[in-house]
Amino acid sequence: MNILNILRSGDIFLIAYVLLTRVFVLLCCMPIHECAHAYAAKKCGDDTAQMQGRLTINPFAHLDPFGAIMILLFGIGYANPVPVNPARLKHPRKNFALISFAGPLSNIVMACVLVVIYHIVALLPESNTAFLIVNFFSYAVQMNLVLAVFNLIPIPPLDGSKILSAILPDKIYFKLMKYDRYIMIGLMIILFTGILNTPISFLSEKLFEVIDFIPSLIFGAFNGTN
C-alpha cells in the first residue's frame with residue numbers, strides 16, 4: 001500500500017499501524033532475510049559475509065537507506081546486499097542461485113511461523129487488544145510473503161536477478177548489470193505508480209493459501225471442538 005494513499009485517508013490509527021508493521025519488517029524480517037543469504041554463502045564455502053559482520057540479525061548491519069525508504073513508502077524494498085565472492089564457492093553458478101534464493105525462502109519460513117502465531121492469537125477472547133495483535137500478525141505474514149515475491153522478480157538489485165545469473169550466459173547477464181542503477185530507479189517509479197501491486201498481491205495471496213492450508217485445518221478443527 002502506497003504511503004500517500006494511507007496519509008490521504010487521514011486515519012491516524014491506520015497511519016501509525018502501517019508504519020509500525022513496516023518498521024517491524026525493517027528491524028526483524030529484513031535482517032533475517034540477509035542473514036539467511038550470509039549463512040547460505042558460508043555453507044557454500046564463502047565466508048566473506050561473515051568476515052564483514054553480516055552473519056547476524058542485527059538490523060543495523062544490513063540496512064540500505066534507499067531500500068529502507070522503499071519499505072516505509074511502499075511496503076516492499078530491500079536491504080544492503082550481502083557480499084558474495086564467487087571464487088570461493090564450491091559450485092559458483094549453482095551456489096550463487098541458492099544463496100540468492102535463501103533470502104526469499106527465509107521470508108516464506110517466517111510467514112509460516114507467523115501464520116501459526118496468528119491462529120493462536122485469534123483464539124484469544126475478543127477485545128481491542130486481541131484485535132490489534134491479530135491484525136498485526138496478519139499484516140506481518142502478508143508483508144513477508146510480499147517481500148518474498150517481490151525479491152524474486154528477476155531485475156536488479158533484487159534476488160531474482162541473481163538467481164537469473166545461474167541461467168543466463170555471463171555475457172548477457174553482465175551487460176544487464178551495467179544498467180542496474182537505472183533499472184533500480186525505474187523500479188522505484190513503477191512502485192510509485194502501483195503497477196506491480198496487482199500481480200504481487202495475487203502471487204502473495206496464492207502463496208498464503210498454500211502455507212495457511214494446514215494451520216487452517218488444524219486450528220479450524222480445534223475451534224470446532226469448543
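**Why is it called that? A guided visit**

Visitor: Why is lysine 178 called exposed?

Guide: Lysine 178 has a relative accessible area of 62%, and exposed means over 50%, buried under 20% and partly exposed in between (1.4 Å probe, protein chains only), so lysine 178 counts as exposed. Before we go on, this is a predicted model, where local features need pLDDT of at least 70 and side-chain atom pairs count only at pLDDT 80 or more, while totals for chains, interfaces and linings use all residues. Residues are numbered from 1 along each chain as its sequence is written, and side-chain values use heavy atoms, with hydrogens and water left out.

Visitor: Where is lysine 178 placed?

Guide: You will find lysine 178 in the loop between helix 8 (170–177) and helix 9 (180–193); helices here are DSSP runs of H or I with at least four residues, numbered from the N terminus.

Visitor: What makes phenylalanine 24 and phenylalanine 136 an edge-to-face aromatic pair?

Guide: Their centres are 5.2 Å apart with 70° between the planes. Phenylalanine 24 lies in helix 2 and phenylalanine 136 in helix 6, so the pair ties together parts that are 112 residues apart in sequence.

Visitor: Why is the pair of phenylalanine 136 and phenylalanine 137 edge-to-face?

Guide: The ring centres of phenylalanine 136 and phenylalanine 137 lie 5.5 Å apart and their planes meet at 80°, so this pair is edge-to-face. Phe24, Phe136 and Phe137 form one aromatic cluster.

Visitor: Which residues of the largest nonpolar core touch the most other members?

Guide: Val25, Met30 and Val141 do, in a core of 24 residues. A nonpolar core is a set of buried Ala, Val, Leu, Ile, Met, Phe, Trp, Tyr and Cys residues joined through side-chain atoms within 4.5 Å. The largest share of this core, nine residues, comes from helix 6.

Visitor: What does valine 141 touch?

Guide: Leaving out residues up to four places away in sequence, valine 141 touches Ala111, Leu114, Val115, Phe208 and Ile211, where contact means heavy atoms within 4.5 Å.

How values were computed
Helices (H or I, at least four residues) and strands (E, at least two) are DSSP runs, numbered from the N terminus. Rings of Phe, Tyr and Trp (its six-membered ring) pair if their centres lie within 6.5 Å; planes under 30 degrees apart count as stacked, over 60 as edge-to-face and the rest as tilted.
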